[in-house]
Amino acid sequence: MAPHTVLLAAPRSFCAGVERAIDIVEHALRQRGRPVYVRKQIVHNAHVVADLESRGAVFVDELAEVPPGATVVFSAHGVSPAVRTEATRRELDVIDATCPLVTKVHNEARRFAARGDTVLLIGHAGHEEVDGTLGEAPERTILVEDVDQARTVAVPDPDRLSYLTQTTLAADETEEIVAVLRDRFPNLRGPASDDICYATTNRQHALSTVAAEVDLVLVVGSANSSNSVRLVELARRTGTPAHLIDDVGDIEPEWLDGVRTVGLTAGASAPPRLVDEVVAALGPVTVLEHRTATESIRFTLPAAVRPS
Ligand code: SF4
């Protein structure tokens with residue numbers, strides 16, 4: 001039996017930081033011509049990367065792969081100061097697509113370390129954003145990945161301690177980690193406003209209101225997209241089966257057995273058209289949208305590509 005209803009979580013799909021990062025590569029290609037090198041995936045989505053590649057973007061893992069003097073775009077996830085130094089040394093034409101909300105966390109890391117604090121960075125080891133933030137004050141930053149690590153982390157001075165977070169974590173899990181840290185270190189200081197960004201929070205809140213009402217949740221996003229994976233985990237914590245799909249081709253027919261209502265969302269790096277394609281493939285269905293927030297945030301382009 002096919003599903004008869006799709007309940008769309010809103011907001012979903014692209015956030016302002018992802019739109020800006022893609023815009024930056026598109027402007028660079030138009031203004032400077034191909035190739036434009038991009039360090040790491042510009043955003044964590046296979047479709048976005050493939051599309052930009054087809055238009056002349058060349059994705060590299062390290063700056064050593066970029067010819068001297070060429071244009072290179074830093075991804076939305078940000079880079080460590082060491083990468084900036086290396087780019088200057090190689091005389092690269094750098095365009096920085098770091099999301100302004102990631103830059104905020106970098107600024108906090110520098111400020112907290114400069115006042116003599118040890119910084120507890122809550123996030124996932126190996127994620128590009130975490131690597132970049134850690135690089136701001138590596139000798140003063142300790143990564144805390146989960147509640148267990150929060151319970152055991154050793155710090156040089158419990159009275160000179162701050163925490164920061166990756167922008168794309170699960171809000172509820174992060175609250176739990178911070179609570180454990182505050183319990184152990186009552187003088188722990190934090191950022192003035194949340195580091196988990198508005199887009200992550202909004203997508204999680206929207207899905208939490210949908211997940212409990214449906215038989216199955218599908219999250220459009222790539223496996224290396226932190227905020228997309230967090231959405232799948234959140235849905236599963238409500239007791240609803242949930243799957244991450246890069247696109248409609250990933251849907252296994254047996255997932256739909258006995259399913260009458262499908263909850264559908266997309267991570268902040270997943271293009272909206274992929275959601276439309278999933279709806280079309282499930283059809284004919286009644287499509288309802290459950291909106292919990294309206295987003296109007298837009299970030300300006302960097303001067304390097306801003307049209308005059
Ligand atoms: Fe910026 Fe948040 Fe989007 Fe990441 S998910 S690019 S931090 S707005």
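**View 1. The one cavity of 30 Å³ or more that a search of the whole structure finds.** The model is predicted; local features need pLDDT of at least 70, side-chain atom pairs count only at pLDDT 80 or more, and totals for chains, interfaces and linings use all residues. Residues are numbered from 1 along each chain as its sequence is written, and side-chain values use heavy atoms, with hydrogens and water left out. On a 1 Å grid over the protein atoms alone, a cavity is a set of points where a 1.4 Å probe fits but cannot get out; a pocket is an open set with protein on both sides within 12 Å along at least five of seven lines; lining residues have an atom within 4 Å of a point. The volume of the largest cavity is about 280 Å³, a volume being the space filled by probe spheres set on grid points joined across faces, edges and corners.

**View 2. Lining of the largest cavity, with 23 residues.** Cys15, Val18, His77, Thr167 and Thr168 lie nearest the centre of the largest cavity. Two or more lining residues come from each of helix 1 (16-32), helix 4 (100-114), helix 8 (198-211) and helix 9 (226-237). Helix 8 gives the most, with three residues. Helices (H or I, at least four residues) and strands (E, at least two) are DSSP runs, numbered from the N terminus. By class, eleven residues of this lining are nonpolar, eleven polar and one charged. Here Ala, Val, Leu, Ile, Met, Phe, Trp, Tyr, Cys and Pro count as nonpolar, Asp, Glu, Lys and Arg as charged, and the others, Gly among them, as polar.

**View 3. The ligand in the largest cavity.** The ligand sits in this cavity (more than half of its atoms lie within 2 Å of the grid points). Cys15, Gly17, Val18, Cys99, Leu101, Thr167, Cys197 and Tyr198 surround the ligand, each with a heavy atom within 4 Å of it. The shell around the ligand has six nonpolar residues, two polar and no charged.

**View 4. The largest pocket, with a volume of about 280 Å³.** Of the 17 residues that line the largest pocket, Arg12, Ser13, Phe14, Arg203 and Glu295 lie nearest its centre. Helix 1, helix 8 and helix 10 (272-282) each give two or more residues to this lining. The largest share, three residues, belongs to helix 10. The lining of the largest pocket divides into nine nonpolar, one polar and seven charged residues.

**View 5. The second largest pocket, with a volume of about 160 Å³.** Residues that line the second largest pocket include Tyr163, Thr165, Ala171, Glu175, Pro191 and Asp194. Strand 8 (161-165) and helix 7 (171-184) are the elements that give two or more residues to this lining. Helix 7 has the largest share, four residues. Five residues of the lining are nonpolar, three polar and three charged.

View 6. Strand 2 (residues 36-39) and strand 3 run parallel and are joined by four bridges. Arg39 has Val60 of strand 3 as its bridge partner.

Definitions and conventions
Pairing = 2+ DSSP bridges.
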